[in-house]
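Try each task yourself before you read its solution.

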Amino acid sequence: MLKIWSMKKEQQKAENATEGAAAAAPKKKKVTAAQLRVQRDLSELSLGSTMSTEFPDPDNILSFILYIEPDEGMYKGGRFSFTFNITPAFGQSGELVLRGR
């Protein structure tokens, strides 16, 4: 029984020591459920040769621009941009897509 208590105290000391070292270092941002969903969806996304994405802020995957450049038909030569701003409640509420000019 005493050995368990001493092991627990040692573990707490080690945790406190790592917390002190972590306080000096910059903290990592917490990953939200929306970010995990978007990351998975984007990794499964297969864009054709006429589509591309742009992330204005590489640290924020919840905001990106999708460009579509048709290579045939009436809109051939056009370039259409769609701005996606995904809320942290992604998957639980509707999303807003704005078409740029």
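This is a predicted model: local features need pLDDT of at least 70, side-chain atom pairs count only at pLDDT 80 or more; totals for chains, interfaces and linings use all residues.

**Exercise 1: Who touches Phe64?**

Task: Find which residues Phe64 touches, leaving out those up to four places away in sequence.

Solution: Setting aside residues up to four places away in sequence, Phe64 touches Leu42, Glu54, Phe55, Pro56, Phe82, Thr83, Phe84 and Ile86. Next, look at its accessibility: Phe64 has a relative accessible area of 8%. The cut-off for buried is under 20%, so Phe64 is buried.

**Exercise 2: Stacked or tilted?**

Task: Classify the ring pair of Phe55 and Phe64, then the ring pair of Phe64 and Phe84.

Solution: The structure holds three aromatic pairs. Step one takes Phe55 and Phe64, whose ring centres are 5.5 Å apart with 40° between the planes. Planes under 30 degrees apart count as stacked and those over 60 as edge-to-face, so this pair is tilted. Step two takes Phe64 and Phe84: the centres lie 4.9 Å apart and the planes meet at 10°, so this pair is stacked. Step three puts the pieces together: ring pairs link Phe55, Phe64 and Phe84 into a cluster.

Now check the two partners of Phe64. Phe55 is partly exposed, at 30% relative accessibility, and Phe84 is also partly exposed, at 22%.

**Exercise 3: Linking parts of the chain**

Task: Work out which strands hold Phe64 and Phe84.

Solution: First, get an overview of the chain, which has two helices and four strands. Read from the N terminus, the order is α-α-β-β-β-β. Phe64 belongs to strand 2 (residues 63-68) and Phe84 to strand 3 (residues 80-85), so their pair ties together parts that are 20 residues apart in sequence.

**Exercise 4: The nonpolar core**

Task: Name the residues of the largest nonpolar core.

Solution: Six residues make up this core: Ala34, Val38, Leu62, Phe64, Ile86 and Phe90. As a general rule, nonpolar side chains in soluble globular proteins tend to be buried together. For the whole chain, buried residues make up 10% of the 101 residues.

**Exercise 5: A charge and a ring**

Task: Which ring has the charged end of Arg79 over it?

Solution: Follow the side chain of Arg79 to its charged end, which sits over the ring of Tyr67. The distance to the ring centre is 3.9 Å.

Conventions:
Residues are numbered from 1 along each chain as its sequence is written. Side-chain values use heavy atoms; hydrogens and water are left out. Buried means under 20% relative accessible area, exposed over 50%, partly exposed in between (1.4 Å probe, protein chains only). Rings of Phe, Tyr and Trp (its six-membered ring) pair if their centres lie within 6.5 Å; planes under 30 degrees apart count as stacked, over 60 as edge-to-face and the rest as tilted. A charge sits over a ring if NZ of Lys or CZ of Arg is within 6 Å of the ring centre and within 35 degrees of the ring normal. A nonpolar core is a set of buried Ala, Val, Leu, Ile, Met, Phe, Trp, Tyr and Cys residues joined through side-chain atoms within 4.5 Å. Contact means heavy atoms within 4.5 Å.
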